[in-house]
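Biologist: Thanks for sitting down with me. Could you walk me through the charged pairs here?

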Amino acid sequence: MAQTPSDEREFAHLRKKMVDEYVAKRGVRDERILQAMREVPRHLFVPSVLAAKAYGPGALPIGAKQTISQPYIVGRMIELLELTGKEKVLEIGTGTGYEAVVLSKLCAKVFSIERINELALRAAELIRVLKVYNATVKVFDGTYGWSDQAPFDRIIVAAAAPEVPEPLVQQMARTGRMVLPIGKGGNQRLARVTRVGTRIQIEDCGSAEFVPLVGKFGWKE
């Protein structure tokens with residue numbers, strides 16, 4: 001259904017309010033991220049019956065037992081990546097593509113992997129409709145990464161892993177950085193992983209709540 005100019009204005013107002021109240025006020029400072037989140041029409045990435053709730057503070061179901069993350073955590077995780085605009089970014093867990101589209105405004109290229117076909121198709125369609133030309137989605141087990149596009153300057157994982165998946169570590173650039181939740185439901189921590197020579201350093205960035213990362217190097221279904 002086509003949106004009227006008044007719908008557009010209303011959604012723009014709700015987006016601004018969401019960013020001010022639930023993202024900036026909670027500590028996300030990077031103005032580029034806040035602006036990207038003011039621009040991306042989050043209501044398109046949730047089922048239409050939930051469009052009215054798209055600009056609230058919480059995560060929402062998007063089908064196939066998956067969720068779109070709450071706005072704050074999207075902003076927080078992207079801020080932890082410390083993007084300058086030149087990076088090649090790997091995203092694991094596309095969902096319907098909201099975070100990938102936000103990232104597309106903040107880096108050079110986004111390669112996003114989703115294991116659930118129906119979600120990947122929806123994400124690819126939204127990326128096309130929104131005329132985003134620097135983001136690509138494929139259906140695959142994200143815990144393997146995307147080896148033929150590696151190395152990646154940044155990796156972001158939108159599902160909680162039991163530990164840092166080794167293939168993703170291997171696909172980080174030498175000065176790469178990865179942000180992901182680690183742990184079981186109810187006891188997850190947000191981690192930032194950086195390369196230090198041949199080792200990796202893991203920094204605890206607070207609590208998190210995500211669906212499990214399912215795959216060969218994640219949780220078993």
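**Salt bridges**

Modeller: Happy to! Glu221 forms a salt bridge with Arg115 (a side-chain nitrogen of Lys or Arg within 4 Å of a carboxyl oxygen of Asp or Glu), their closest N and O atoms being 3.6 Å apart. This is a predicted model, where local features need pLDDT of at least 70, side-chain atom pairs count only at pLDDT 80 or more, and totals for chains, interfaces and linings use all residues. Residues are numbered from 1 along each chain as its sequence is written, and side-chain values use heavy atoms, leaving out hydrogens and water.

Biologist: Is Glu221 buried or exposed?

Modeller: The classes go by relative accessible area: buried is under 20%, exposed over 50%, and partly exposed in between (1.4 Å probe, protein chains only). Glu221 has a relative accessible area of 82%, so Glu221 is exposed.

Biologist: Which residue does Asp204 pair with in a salt bridge?

Modeller: The closest N and O atoms of that pair are 3.1 Å apart. Asp204 lies in strand E9 and its partner in strand E8 (residues 188-196), 15 residues apart; strands are DSSP runs of at least two residues, numbered from the N terminus. The partner is partly exposed at 37% relative accessibility, and it is Arg189.

Methods: Helix = DSSP H or I, 4+ residues; strand = E, 2+ residues; numbered from the N terminus.
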